[in-house]
Amino acid sequence: MHVSHLSLADFRSYARAEVPLDPGVTAFVGPNGQGKTNLVEAIGYLATLGSHRVSSDAPLVRMGADRAVIRAAVTHGARQQLVELELNPGRANRARINRSSQVRPRDVLGIVRTVLFAPEDLALVKGDPGERRRFLDELVTARSPRMAGVRSDYERVLKQRNTLLKSAAMARRHGGRSMDLSTLDVWDQHLARAGAELLAQRLDLIATLLPLADKAYEQLAPGGGPLGLAYKSSAAGEAGDAVDDAVDNGGARTREALYEVLLAALADVRKQEIERGVTLVGPHRDDVLLRLGDLPAKGYASHGESWSYALALRLASYELLRSEGAEPVLILDDVFAELDARRRERLAELVAPGEQVLVTAAVDDDVPGVLAGTRFGVSGGEVTRL
């Protein structure tokens, strides 16, 4: 699979951009702040419905415009598709496939698949749990686009449940009449049902990803491993032990069993939740513990080791998606400038055979020689083939 053409309208710094793309390696070269990352960010957005740089759509719309459009022609073997997203901050986004009538944005998931390397990836190792949850959930959705609906359902139920808990907590603090919390049981069931589906997918992903990540790390930093990935559940007591047991057994636990685990965990913490006004148990509060050798990677790994760990997770993601379907587009956004010469060359050698590899760099010398291919110069919002 590869993107053969990218069109942008009022996206980031581009009033208009038309960029033809070839299979193989394409590098966008130019000084910082000229719009290189904006191009690959747009392709990444088509794959995930989100940006790797910001958490909302508003910064993606060019100053003075009220919407942005990302359009890409995508080639899967002999088949071609045109996918389009219209970003409308504060309103619902719109999507089209092959210029047909409007579809839901999440219906475009799976048409473009990417694995994106960026300086922000260091947060996978050094950042807070939310970074690691996002990594898991984006990869889960790339493997199974229907999980976008499950994630949306979970977030909707979580918001409703938190609203109820917050109202109950406020009433208690202000000495008001106790609220009727009979509907909390219903919300518990909805949260546990969607949460069990998401949890099962995460556990399966970790079990599948670990050997691939360990192999990738060995290729990047020979003799530096092994890696360890352990799921840390927000459930405590017997419920938490049940999730831990699922992890220890390679995630081989039924969704029904995980549903019961989450229901039990919610019952255990209900009193604390009512006091604090927030949901304390569920996939939204879980984490992944990363180990390097016998030590936690966070706080113990050096800067170079942390970079290698993050890159290994991305390389493992690429190998997993490639083994399960269409080969994803590899995006390396200003990564080589962050690496020492040895890691730079090893990474370049590993990704060079990809069907489509998109690279951004401030200067041409930052792109390893093994990644020879098409070059575009990017300056002042203009993209020019060199």
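Which strands does α1 lie across, and at what angle does α1 run to β1? In this predicted model, α1 lies across β1 (2-11), β2, β4 and β5, and its direction is at about 110° to β1.

## The antiparallel sheet

Five strands form an open sheet in the order β2-β1-β4-β5-β6, and their pairing is antiparallel. The edges are taken by β2 (14-20) and β6 (94-97); each has a single partner strand, so one side of each is left without a neighbour in the sheet. From one strand to the next the twist averages 10°. Inside this order, β4 (residues 68-76) and β5 (residues 79-87) run antiparallel and are joined by 9 bridges.

## The mixed sheet

The other open sheet has 6 strands in the order β7-β11-β12-β3-β13-β14, with mixed pairing. Its edge strands are β7 and β14 (382-385), each of which pairs on one side only. Neighbouring strands in this sheet are turned against each other by 20° on average, with direction ignored. Helix α1 packs on this sheet too, touching β3 (24-29), β7, β11 (329-333), β12 (356-361), β13 and β14, and its direction makes about 145° with that of β12. Helix α9 lies across β7 and β11 and runs at about 170° to β7.

How many residues of β3 are buried? The count is 5 of 6, which leaves β3 mostly covered. On the β12 side, β3 pairs in the parallel sense over 6 bridges, and the bridge partner of V29 in β12 is A361. Towards β13, β3 is again parallel, with 4 bridges; there A27 stands opposite R375. Strand β13 (residues 374-379) is also joined to β14 by 4 bridges, and these two strands run antiparallel. In that pairing, F376 has R385 of β14 as its bridge partner.

## Cavities and pockets

A search of the whole structure gives 2 cavities of 30 Å³ or more.

| Space | Volume |
|---|---|
| Largest cavity | about 70 Å³ |
| Second largest cavity | about 30 Å³ |
| Largest pocket | about 900 Å³ |
| Second largest pocket | about 570 Å³ |

The largest cavity is lined by L124, R132, F135, L136, I206, L209, L229, V288, L290 and L313. By class, its lining has 9 nonpolar residues, no polar ones and 1 charged. Helices α3 (129-143) and α5 (184-220) and strand β9 (287-292) each supply at least two residues of this lining, and α3 gives the most, with 3 residues.

Around the second largest cavity the lining consists of Y154, L191, A192, L262, L266, V281, G282 and P283. The elements giving two or more residues to this lining are α5 and α7 (255-268). The lining divides into 7 nonpolar residues, 1 polar and no charged.

The pockets come next. The largest pocket is lined by 32 residues, and those nearest its centre are T48, L49, R151, S152 and E155. At least two lining residues come from each of α1 (36-48), α3, α4 (147-173) and α5. The classes in the lining of the largest pocket are 12 nonpolar, 10 polar and 10 charged.

The second largest pocket, with about 570 Å³ of space, is lined by 34 residues, of which T48, H52, R134, E138 and R314 are the closest to its centre. Two or more of the lining residues come from each of α1, β7 (114-117), α2 (123-126), α3 and α9 (303-324). Which element gives the most to this lining? It is α3, with 7 residues. The lining of the second largest pocket has 14 nonpolar, 10 polar and 10 charged residues.

Conventions
Residues are numbered from 1 along each chain as its sequence is written. This is a predicted model: local features need pLDDT of at least 70, side-chain atom pairs count only at pLDDT 80 or more; totals for chains, interfaces and linings use all residues. Side-chain values use heavy atoms; hydrogens and water are left out. On a 1 Å grid over the protein atoms alone, a cavity is a set of points where a 1.4 Å probe fits but cannot get out, and a pocket is an open set with protein on both sides within 12 Å along at least five of seven lines; lining residues have an atom within 4 Å of a point. Grid points are joined across faces, edges and corners, and a volume is the space filled by probe spheres set on the points. Ala, Val, Leu, Ile, Met, Phe, Trp, Tyr, Cys and Pro count as nonpolar, Asp, Glu, Lys and Arg as charged, and the others, Gly among them, as polar. Two strands pair if DSSP finds at least two bridges between them. Axes are lines fitted to C-alpha atoms, for helices over the stretch in contact, and angles run from 0 to 180 degrees between N-to-C directions. Contact means heavy atoms within 4.5 Å. Buried means under 20% relative accessible area, exposed over 50%, partly exposed in between (1.4 Å probe, protein chains only).
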